[in-house]
Amino acid sequence: MSINYAGVSRAIVDALGGLNNIEAVTHCMTRLRFVVKDETQIDYPMLKAIHGVMGVVHNDTQCQVIIGNNVAQAYQAVLALGSPDASSAAPVKRKITLRSIGAGILDALVGTMSPLIPAIIGGSMVKLLAMILDMAGLFEKGSSTLVILNVIGDGAFFFLPVMVAASAALKFKTNMSLAIAIAGVLVHPTFIDLMAKAAQGQPVAFALIPVTAVKYTYTVIPALVMTWILSHIERGVDRITPAVTKNFLKPMLIVLIAAPIAIVLIGPIGIWIGSGISALVYTVHGYLGWLSVAIMGAIWPLLVMTGMHRVFTPTIIQTIAETGKEGMVMPSEIGANLSLGGSSLAVAFRTKNRELRQTALAAAASAIVAGISEPALYGVAVRLKRPLIACLISGFICGAVAGIGGLASHSMASPGLFTSVQFFDPANPMTIVWVGAVMVLSVVLSFVLTLLLGFEDIPESDPQAAPQPSPVSERTRTVNSL
């Protein structure tokens with residue numbers, strides 16, 4: 001059944017308190033992400049009841065509305081409604097607490113990285129294509145075609161600080177061109193060469209201040225923090241520069257202040273933070289081994305529900321850049337994603353609701369083929385509850401198998417049938433067998449577990465209602481189980 005996203009978007013905006021309560025809106029692979037001014041104006045029951053909305057996740061400032069694979073259509077429909085009047089509803093001042101600080105950091109990271117995911121996935125897949133062509137021997141080793149393909153695939157990663165700066169500039173409402181210019185300094189060939197010399201022991205200083213040797217390509221945190229600092233520098237410089245000089249003096253002062261701060265202070269601190277997070281994650285992996293992959297496979301759907309899964313994006317990128325592969329988070333996603341697909345197939349097999357069957361089949365195809373699991377997570381598993389339990393159990397078992405098999409990803413495309421090649425190791429052909437085994441096990445095990453646990457079917461007369469206990473005289477529910 002086709003969905004009228006113009007009507008859906010209008011209903012979403014109304015449930016959020018209208019355009020005047022929306023400060024900003026972006027989208028990722030499956031979600032509309034609204035920054036709201038006053039959360040008390042949001043009608044959550046109304047929002048969750050909208051046909052076409054699979055789920056709602058919210059924190060202190062952001063309301064995420066899960067749409068599914070057609071989120072881009074809904075996003076365009078929201079933009080077509082117009083822009084809010086910033087003067088009509090002032091933002092609510094929020095208390096500064098540890099929770100609000102943590103929520104703000106997570107919001108900044110997720111809000112910055114989400115728009116970049118398509119470019120990262122696209123680059124990853126091109127690099128995988130080059131790897132496959134190299135393995136197949138279709139081109140000579142060192143062929144210019146392979147070199148160019150690798151350059152195409154590597155572009156999004158090499159210039160990741162620039163992309164992060166541009167995305168963060170939108171998030172922090174600062175000048176994008178200045179953010180890009182300063183991030184560009186970090187990946188400038190001359191600066192890269194200077195950092196290489198510093199790494200070899202040659203003293204490098206700026207205005208007598210020592211500069212730490214840092215490699216900024218493939219990094220996220222330095223550019224993100226730098227752009228946040230830039231947003232404050234821009235406002236401060238704007239206040240002190242006379243109106244007649246703003247066209248030339250203001251941008252010059254901003255660049256002269258922000259760029260050295262980024263080079264001398266923010267950049268090294270950002271690298272240390274990113275390296276520290278990576279070290280912590282993979283220290284746990286080093287101690288627990290396959291068990292860490294199993295645990296991650298079990299909790300991954302829960303992380304997706306809260307939006308916490310994007311926290312691992314910088315860690316994955318940095319780990320692949322440094323070692324060429326990632327062996328904890330990405331392998332766990334195989335079982336997590338395909339288990340949601342297998343569970344959705346079981347729901348489609350047993351449900352008597354034709355619309356739910358269509359939703360489940362589409363969600364299963366998305367999760368199994370493309371690795372996009374949110375339609376299955378929100379459209380089926382969370383909605384029916386017990387299938388989610390089946391997925392968590394299956395994710396743990398399949399994560400354990402992936403960990404025992406020593407699977408690791410050479411890219412960061414969401415694991416699915418079409419992207420399974422990222423786990424193939426040219427030096428170990430058995431990885432193909434392990435990947436195939438984990439994928440088949442994920443679908444079959446979650447399918448069987450969902451049938452064993454059963455679920456409360458949704459009557460066709462009320463396709464959007466969440467299954468809640470009620471007297472049999474008012475509504476008859478069928479419990480599907482073996």
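Leaving aside its neighbours within four places in sequence, which residues is Thr 313 in contact with? They are Met 113, Ile 117 and Met 412, where contact means heavy atoms within 4.5 Å. The model is predicted: local features need pLDDT of at least 70, side-chain atom pairs count only at pLDDT 80 or more, and totals for chains, interfaces and linings use all residues. Residues are numbered from 1 along each chain as its sequence is written, and side-chain values use heavy atoms, with hydrogens and water left out.

**Thr 313**
- Thr 313 belongs to helix H13, residues 313-323 (helices, H or I of at least four residues, and strands, E of at least two, are DSSP runs numbered from the N terminus).
- Thr 313 has a relative accessible area of 3% and is therefore buried (under 20%; exposed is over 50% and partly exposed in between, with a 1.4 Å probe and protein chains only).

**Strands E1 and E2**
- E1 (residues 22-27) pairs with E2 (residues 31-36) in the antiparallel sense over five bridges; pairing needs at least two DSSP bridges between two strands.
- Three residues form the hairpin from E1 to E2, and Thr 26 stands opposite Arg 33 in E2.

**Helices H14 and H18**
- H14 (residues 329-350) packs against H18 (residues 430-453) at an angle of about 40 degrees, with the axes 7 Å apart; axes are lines fitted to C-alpha atoms over the stretch in contact, and angles run from 0 to 180 degrees between N-to-C directions.
- H14 is therefore oblique to H18 (under 35 degrees is roughly parallel, over 145 roughly antiparallel, 65 to 115 roughly perpendicular, the rest oblique).
- Residues of H14 that meet H18 include Ile 334, Gly 335 and Leu 338.
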